[in-house]
Every structure is written in structure tokens, then in C-alpha cells.
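Keep the picture open while you read.

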Amino acid sequence: MYVYKVAIVGAGTMGAQIAQVISFAGLPVVLTDMTPALAQRGVEMVRRLYQARVEKGKMTPEQLEEKMLLVSATVGAEAFKDVDLVIEAVPEQLELKRQVLRDLDAACSPGAVLASNTSALSISALGAVTRRPGKVLGLHFFNPAYAMPLVEVIPGLATEADTVGDIVSFVESIRKVPIVVKECAGFLVNRLLMAYLNEAVLCLQEGAASMKDIEQEMTAFGMPVGPFTLLDSVGLDVAYDVARILHESYGPRMAPAPLLAALVQAGRLGLKSGRGFYEYGGPETGDVERLIEQVRRETGSARTTWKSSRLLLAMVNEAALALQEGIAAAREIDLAMVAGTGFPTDKEGPLHYADRLGIEHVLHELEDHTRALGPRFWPAPILRRMVAANFTGRQAGRGFFTY
């Protein structure tokens, strides 16, 4: 199946960004939402994205108008009568998304593929409410979609192989990098990234280091921004929702940091609310410091020791677990983290990074962290097997990769 036309349900930030990416590749796209005004607002957001390209000299005003001819706003079943692919980009609530999928199943032609831009919810659970589970899959774009090259393609239990192949080809046709990921909570990138971000919040909560020191060390390592800046950009409520989904699936090692919950409850949601870990457009209030002290009292958090390996090896260990579970191959895991999170290209991804450090060193550090900080650092079983087999990394000539 070739995708000739796309509809997007949910004309908010992500929906508009995805529409811009698709129209930029030359395909017509229909934006739809609960009301005509919301759908039209999405079209205007697409125009602003193109206008930013004009202002940077990346396209002419005439080219902008040509691209905008491909973007329309429609409400109701009319939006779906001749589309080959529908991408839902509504808020991250399972029941809401399931209702959207039911409605799409009734409105779309039998051959249309239904995709969800969910970042963590079960694709199988979404497909199960339709009469076409073989044509339902996850299509997870990253924010901002116009800049981030990665798209995760996630088949559910019932998704047909032809559907996966068709959508991989579609993603390539819109000039993005598709990575097929076995379904699991958080899929691949968010699962690994949340382990890193949550550990950063725990380090702050436990007084291991200041926000400034943690941010500086992670950007010095090569991450594009520090973990707290990234959390504020993503939205602390969104991060907390993902963390809860991961905790429900993976247990105690993914328990959300209490400080993250406290910030969300205090209405500090990040950039979108004007305050998160940082203040945006206002004076420093000291609220974060007060919340840290409050959480320490409530949880009895003891001061712990700062090491950047707490964040990085939390990610490496989760990558090893994902590999062990067959979520993706080693190459795809590293490619996804470089393309989806900005993991430094010179370090090639968390599994290449582990090979550079030496798998024996990674194992010993994780064991040290387990003794000092608890079982969330319990090493992935594959690491012990690799050390026993002398698959210890770059120096040995073989580890997660062969050298």
C-alpha cells in the first residue's frame, strides 16, 4: 500500500508538527479536532512553522504557500473518507485514545491504517477495540517533529507484517528514520530516557548535587541539554505520566522520583506553565528548594553521593535489558538514542558507550550503585554472561558489537 493522503486527529502542537513534516514531503494532510476552530488553529500552527523557515532563508514565501495548499482542516467523518493513513495525536489517556480508534474504525475505509502517536500506551490495547487490529500500530514522532529525525514504529500483537512494511516505507518517504520496536511499556526511547531523567531527579532530591552541577556535567558529556531543562521542555506532567506507566510495568526500579510528583502537584509543569525546575519569565521563588526539603522530610531521603554514572549507567542498564528482551537489536537501540534524544554521536549510543567503558567496568559500577542506592541498579543478566564469556567490549574486540 502506498500512502497518498493522511489525516491527523488532534490539531495541537504534535499534530500540527506532524502535519508540517508530512506536507513538507509533498503529501496532502487533513487536520481534524473537536471543533472547526481547533482544527483551523492547527493549520495556523503549521503556517507558523513554515514561516519560521522563510525567516531563516530556508524557503521562499511562494514555496510556503505551495506547501500550505496541501494542509486543510475538516471536522467529522468527511475528514477520513479518502485517506490511507490516520495518525491520532490526542492527549495521552488510554480510554480517550481507544474511543478515537473506535470512531476512526467506523469512519475510515477498510484498507486505511490507523496509527497512534502515543509515547507509552499499549498498541495492542488500542488495536483490540477496532475491527482491523492488523492495521493498527504505533507511530511515535518525537518533539519537535520537524527537527527530530527518529520515528518509532511499534506493531501490536495483532499488527500484520505488511502494515509494518508499508508504514516503514511511508516514514522513509517523509525523510525520517524509522526504527521498528517490539511493543513494551514506554517502547524504546522513552523507556531508556526516563531511567536517565528519573535518576537525575533522585540525585537532586537526595542532595547528591545541585541542578547546575548535574546539568553542566551532562552537557559536558555531550547531551544537547541538561536533564532538568529537558524535563521542563517535555512537560513534567507528561514525564510523570510516562514514569507511572513504566513503574506499573517494570516495578520498583522505575518508581517515579517523589520530587517529580511533588512538582507536578504544585503546578510546576515546565515551560508550558511558566515554571518547572526553572522559572520562565519571572523571578526565582525558591519553590523548588522548598519542595526538595519537603520531599526529603516526607521520604526520609538520606544524602547520597554524586556520580554521573548514576544517570548514564541507568540508561545503559535499561538498554541492556531492552536488548535482552528483544525490543530492538543493538544497532537500532543506539541509533534510536542518538536520533531520538541527542545522545552524543561521538559516543555512538549507550551500548557502544558501554563497550568503550568495558562491560566488566559497567558491571562493577552497577554493583556498587546497587549496594549504595538500592536494587534499581541491579545489573541486567546479560552483562554477567558477557563478562563470563569475555565479551567485555572494545578492548576485547567484542562486546555488544564486534570490533
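Take Phe 343 and Tyr 353: both are buried.

Before going further, a word on ground rules. What you see is a predicted model, where local features need pLDDT of at least 70 and side-chain atom pairs count only at pLDDT 80 or more, while totals for chains, interfaces and linings use all residues. Residues are numbered from 1 along each chain as its sequence is written, and side-chain values use heavy atoms, with hydrogens and water left out.

**The whole protein**

Helices (H or I, at least four residues) and strands (E, at least two) are DSSP runs, numbered from the N terminus. Here you get 17 helices and eight strands. Along the principal axes, the C-alpha atoms fill a box of roughly 60 × 55 × 45 Å. The radius of gyration is taken over C-alpha atoms, and the globule rule is 2.2 Å times the number of residues to the power 0.38. For 403 residues, a compact globule would come out near 22 Å, and the protein's 22 Å agrees with that.

Of those 403 residues, 55% count as buried. Now for contacts, meaning heavy atoms within 4.5 Å. Among contacts between residues at least 6 apart in sequence, 68% join residues at least 24 apart.

**The cores**

A nonpolar core is a set of buried Ala, Val, Leu, Ile, Met, Phe, Trp, Tyr and Cys residues joined through side-chain atoms within 4.5 Å. The largest one has 104 residues, and Phe 277 and Leu 383 have the most contacts inside it. Helix α7 (residues 189-205) gives the largest share of this core, twelve residues. Which residues does Phe 277 contact, leaving aside neighbours within four places in sequence? Among them are Val 201, Leu 204, Phe 228, Leu 259 and Val 288. There is also a second, separate core of 39 residues, including Val 6, Leu 27, Val 54 and Val 168.

You'll find Val 43 in helix α2 (residues 36-55), and its 7% relative accessibility is why Val 43 counts as buried. Not counting residues up to four places away in sequence, Val 43 touches Leu 31, Met 68, Val 71, Ser 72 and Ala 73. Val 43 and Phe 400, on the other hand, are 357 residues apart in sequence and 45 Å apart in space, C-alpha to C-alpha.

**Rings and charges**

A pair of aromatic rings is described by the distance of the centres and the angle of the planes. Rings of Phe, Tyr and Trp (its six-membered ring) pair if their centres lie within 6.5 Å; planes under 30 degrees apart count as stacked, over 60 as edge-to-face and the rest as tilted. How many aromatic pairs does the structure hold? There are six, and two of them are in this table.

| Ring pair | Centre to centre | Angle between planes | Kind |
|---|---|---|---|
| Tyr 2 and Tyr 4 | 4.8 Å | 65 degrees | edge-to-face |
| Phe 343 and Tyr 353 | 6.4 Å | 65 degrees | edge-to-face |

The second pair links distant parts of the chain: Phe 343 sits in the loop between α14 (330-341) and α15 (350-357), and Tyr 353, ten residues away, in helix α15. Ring pairs also link Phe 221, Phe 343 and Tyr 353 into a cluster. In the other pair, Tyr 2 is partly exposed at 49% relative accessibility, and Tyr 4 is exposed at 57%.

A charge sits over a ring if NZ of Lys or CZ of Arg is within 6 Å of the ring centre and within 35 degrees of the ring normal. Lys 347 lies over the face of Phe 221, 4.6 Å from the ring centre, and Lys 67 lies over the face of Phe 24, at 5.5 Å.

Asn 143 and Pro 144 are joined by a cis peptide bond, with omega about 0 degrees. Pro 144 lies in the loop between β6 (136-141) and β7 (150-155). Phe 187, in the loop between β8 (177-180) and α7, has a positive phi near 55 degrees, though Phe 187 is a residue other than glycine.

Notes:
Buried < 20%, exposed > 50% of the residue type's maximum accessible area, 1.4 Å probe, protein only.
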